[in-house]
Amino acid sequence: MEQLIIILAVVVVVVGGGGTTLLVRTRARHRLTRAPDRTALRGGTTAAASAAPDLAEGGSAPPDVVVSPAHPPGPSAPEVEKPPPSAGRLVRLRGRLARSQSALGGVLLGLLSRDRLDDETWDEIEETLITADMGVTPARQLVEELRTEVKVAGTRDAEEVRSLLRAQLVVQVGVDLDRTLHTTRHGDRPAIVLVVGVNGTGKTSVCGKLARALIGDGESVLLGAADTFRAAAADQLQTWGERVGAQVVRAGRDGADPASVAFDAVNQGIERGVDVVIVDTAGRLHTKAGLMDELGKIKRVISRHATVDEVLLVLDATTGQNGLRQARVFAEAVDVTGIVLTKLDGTAKGGIVVAVQRELGVPVKLVGLGEGPDDLAPFEPDAFVDAIVGG
Ligand code: GDP
């Protein structure tokens, strides 16, 4: 068989220039089939990459991919878990949210309960909000509105002041924003969710946790490991997939084209009739042009066969202004449809929710509140504000 492949490849080169690409492809496949140990190690099957036309642009051949089985064989294979549904998770995680955010509410309510609410006190309230990463303009707006409300109400009753503060915080967080996660399949096509963000923000965990949550809600999910620069990311994704019985499409060789893996993930998703394909992307901090190129190509290639329903930008809530700068770069590179704010359990500066939504004009759709597999929750403004001011 090997001989046949080599002969075939040579014949193609001799026959014409157009055969060069085929030769490279044949070699790529040949190499993979000669490394069965690697495939077996992952418990996967190889799938020849479909020829994404875009890939020919750069002259590079599409790499083969590995499709890991949803249920790996062998006695040591982990039990497939049955994750809980996603509804009401923020309420379940309220304690954790309150632990990280109630200090902010405590300081604000402390200031509001002073004997005299003079200019200095209002300045301190504004400063507290700015220090909590809310941003200068929203902090100022909130203070102005609250000041008027307190004056009009003519009350200093602690409960009433708390409810006025609560109402103003809710306004800034935004109750009217559409936070729906668009994961409904389109006829025979799966919904596609692209997950972007800088390495370390929790991007790969978000892909895994989101897959779990969707499976808990009764959807079927396939994961695409298009972060081909970090083998560890693909391994991590595979572990997440195996736990809940989701297949993972990953590169069959190092340095493969991320767009090719994304393309194959979508094709596999269509072939296998899954509801949602979640694609993890590379999060190297590189130039805006490089980022635009890479994400643009991934989107373009996917769009040949399916609609990208969500582009979720993962941001680490503990990184403050730095995180906002990153968000700006990503938003310029790709049309972000929702923000996933991770590590909200590790910061008292919950004001970042307001700042990032304002900065990008895109709602926070999910929040991360811990390292546990079910610590990703749909964002609910009311539950969030209750955690700050005490519900
Ligand atoms: P990536 O490099 O962006 O793909 O990040 P990873 O998914 O590998 O996550 C980086 C680290 O952040 C891991 O240790 C995660 O467990 C941790 N992490 C992710 N989300 C959260 C979260 O919401 N809260 C906490 N405390 N840790 C998180």
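In which kind of crossing, left-handed or right-handed, does α9 pass α10? The model is a predicted one, where local features need pLDDT of at least 70, side-chain atom pairs count only at pLDDT 80 or more, and totals for chains, interfaces and linings use all residues. Residues are numbered from 1 along each chain as its sequence is written.

The crossing turns out to be right-handed, a label used if the near helix is turned clockwise from the far one by less than a right angle. Helices here are DSSP runs of H or I with at least four residues, strands are runs of E with at least two, and both are numbered from the N terminus. The axes of α9 (residues 203–216) and α10 (residues 231–244) come within 9 Å and cross at roughly 15°. These axes are lines fitted to C-alpha atoms over the stretch in contact, with angles running from 0 to 180 degrees between N-to-C directions. The two helices are therefore roughly parallel, as angles under 35 degrees count that way.

In total, 18 residues surround the ligand, with Gly202, Lys203, Thr204, Ser205 and Gly368 the closest; a residue is near a molecule if its C-beta atom, placed from the backbone, lies within 6 Å of it.

Most residues other than glycine have a negative phi. Asp133, though not a glycine, has a positive phi of about 70°, and sits in the loop between α6 (119–131) and α7 (136–153).

Key: Parallel < 35°, antiparallel > 145°, perpendicular 65-115°, else oblique.
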